[in-house]
There are 2 protein chains.
Amino acid sequence: MTVKRRRMSRPLVIGGVTVGGGAPVVVQSMTKTDTRDVAATVRQIHSLEDTGCEMVRVAVPDDQAAEALAAIKRRVSIPVIADIHFDHLLALAALKAGVDGLRLNPGNISRRSHVAAVVQEAKPRGVPIRIGVNAGSLPKSAKIRASLPEQMVEAALGQIRLLESLDFDLIKISLKAFDVPDTIAAYQLMAKKAPYPLHLGITEAGLPRTGVVRSAVGIGVLLYHGLGDTIRVSLTGEPEDEVMAAYEILKSLNLRERGPTLVSCPTCGRCEVDLVSLAESVEGRLSTVDRSIKVAVMGCVVNGPGEARSADVGIACGKGRGAIFRKGEVVRTVEEKDFLESLMDEVARI
Amino acid sequence: MTVKRRRMSRPLVIGGVTVGGGAPVVVQSMTKTDTRDVAATVRQIHSLEDTGCEMVRVAVPDDQAAEALAAIKRRVSIPVIADIHFDHLLALAALKAGVDGLRLNPGNISRRSHVAAVVQEAKPRGVPIRIGVNAGSLPKSAKIRASLPEQMVEAALGQIRLLESLDFDLIKISLKAFDVPDTIAAYQLMAKKAPYPLHLGITEAGLPRTGVVRSAVGIGVLLYHGLGDTIRVSLTGEPEDEVMAAYEILKSLNLRERGPTLVSCPTCGRCEVDLVSLAESVEGRLSTVDRSIKVAVMGCVVNGPGEARSADVGIACGKGRGAIFRKGEVVRTVEEKDFLESLMDEVARI
């Protein structure tokens, strides 16, 4: 089973990757290096590519950063999106450097002449623009008596109308806040008002331990309701962790597959083996496996055999002995010292 | 803003703690020690209490474990729930030992005479029974042509009918599976069929990194829809981590408060300070603060001032200097070497 029927947004192609229109939800992240440091930025993007990142955003705070984009673009293979605030001239420089997408913040770039200048360069290149609204930087014109979700949607709609009036519709929208229910409400409202793809995220979600939870709840609820064409988990930490968390969210809703899935029980007073260590060892060994297989590591006879059976490969541990399952059949029972190797042998045989 | 209107379940009181009927969502966990080891189990329960655990479940795999419950009960202050499988006599022994609640698995205890014997002892004591259905241990009678959520709900309904026919209604229900959409569907179906409180969880969710995400998405979607009276995050790891993750899920939906909330930006090429270290230091220092305050640590001028303003206390960092905000007002600007201490000074002043 998976999520409710996905909203059909108008698809965009960003540097060869389709976002929206029913395409698989795209995982993206953002570099945290100084963009002017081309080597460091390229290294981080390559590392992100290895983790499964499908699109990367890069901050462009000044002219030197914009100039560095050309060199970065030449050395990476995933689409590069320039993150622009305050100064529309940086967007023009980024377009000249060959970026695949732009993010503009309507809270600080909204003057018609500025946006028109960007559209004039983006349109012939077929480069989409994300209207990236953040609760922390709403336009000064926001109606302060409206709710935060309404203010965010109004900020996006204002920019949508401006872009459409310039005959430009390569649009993607994000509406990020720290408050999860506000963010959910904003996206739900937005989805009814415009056909464009949605980029989901919870902003300033914090350090990994808390940020992952806030992101999983907020992005998870929206995806469950069929909204969202691309996601970015924002964490105060390594961007690779953002990508891994993004895939876990998508895997939990059966929206994407990526690598093995480890099913393991929480252990309890019923468990007679060191299951945590076994699960950690299995996770470590599975990290080199690319296939989307489901491996169960279970500590007792209550749910062990049941869960191990529904996995591709599994072990249900009892005292001193464990039953190895493969596609629903017990293939053998093994002694405790052989739990890890026997399980991995079965994984290798699939 | 918070979640949709909560479902009004029939409230239960378990060892003095109300579950359901609109009461705050109760956070629970389960010990992972050998229950027969009273000292280790009590130590773990005390540690869980410190982390905010409001109710604890303990596995009762044999007579010795059941006997240990009396000694455990005497030394802990949160309600203790006995987790029983296969043998209803262990439930009787647990009741005699004074437990506050029982969990029975209808997949392995469902014979009328057995359940009746348990009800006869639970009812005069006012001890509720959770009908704990797991996808990994469904009753053999489950209709294999039904969907998994339907099979799970059917297993619960069978046991509900049995308990009601014995004139017992101190009932709580859980329907846990590894598959998140299946689990969501099961609870949503169940909520329409019976008035009892729901205990939410995603079972066998795995090691913390992945298990937290699966739990946050599954439990988060259900809570967002107004379902759930108590939650348990299941992780292959320390139970204290389960409790911390549970609170993060509840905090993300504004359903519970617990301690400070750190808002911190993901950093990007725009950031000119070591924000990750600053955020980690602030998190460390906040770990001794009990109040529910919101502290923002922001790396640049884009969303920094906006987010820092909406927090109780915040810092928006620029190159070499940062602005300290308190309740929406800049109270001073400080040099980089003073970021941490100045921010913590403001926290202390609230």
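**Close-up views of a predicted two-chain model**

**View 1. Chains A and B of the predicted model are related by a turn of 180 degrees.** Chain B is laid on chain A with an RMSD of 0.0 Å by this turn, together with a shift of 0.0 Å along the axis. Such a relation is that of a two-fold axis. The copies meet through the same surface, because 100% of the interface residues of chain B are also interface residues in chain A.

**View 2. The interface joins 82 residues of chain B to 82 residues of chain A.** The size of an interface is often given as the accessible area lost when the parts come together. Here chain B and chain A bury about 6,300 Å² between them. Carbon and sulfur atoms account for 62% of this area. On the side of chain B, Glu204(B), Leu207(B) and Arg270(B) supply 11% of the area that chain B buries against chain A, more than any other three residues.

**View 3. A salt bridge links Glu283(A) to Arg209(B).** The closest N and O atoms of Glu283(A) and Arg209(B) are 3.9 Å apart. Between chain B and chain A, the count is two salt bridges.

**View 4. Chain A contains an open sheet of eight strands.** Strands of a sheet pair through backbone hydrogen bonds, either parallel or antiparallel. In this sheet of chain A the pairing is parallel, and the strand order is 8-7-6-5-4-3-10-9. The edges are formed by strand 8 (171-176) and strand 9 (199-200) of chain A, each of which pairs on one side only.

View 5. Leu200(A) stands opposite Ile231(A), a residue of strand 10 of chain A.

View 6. A disulfide is a covalent bond between the sulfur atoms of two cysteines. Over all chains, a search of the whole structure finds zero disulfides. Cys317(A) counts as buried, at 2% relative accessibility.

Terms used:
Residues are numbered from 1 along each chain as its sequence is written. Chains are lettered from A and ligands numbered from 1 in the order in which they are written. This is a predicted model: local features need pLDDT of at least 70, side-chain atom pairs count only at pLDDT 80 or more; totals for chains, interfaces and linings use all residues. Side-chain values use heavy atoms; hydrogens and water are left out. Two strands pair if DSSP finds at least two bridges between them. Helices (H or I, at least four residues) and strands (E, at least two) are DSSP runs, numbered from the N terminus. Copies are superposed by least squares on the C-alpha atoms of residues with pLDDT of at least 70 in both. Contact means heavy atoms within 4.5 Å. A disulfide is a pair of cysteine sulfur atoms within 2.5 Å. Buried means under 20% relative accessible area, exposed over 50%, partly exposed in between (1.4 Å probe, protein chains only). Buried area is the accessible area (1.4 Å probe) that two parts lose on being put together, summed over both. A salt bridge is a side-chain nitrogen of Lys or Arg within 4 Å of a carboxyl oxygen of Asp or Glu.
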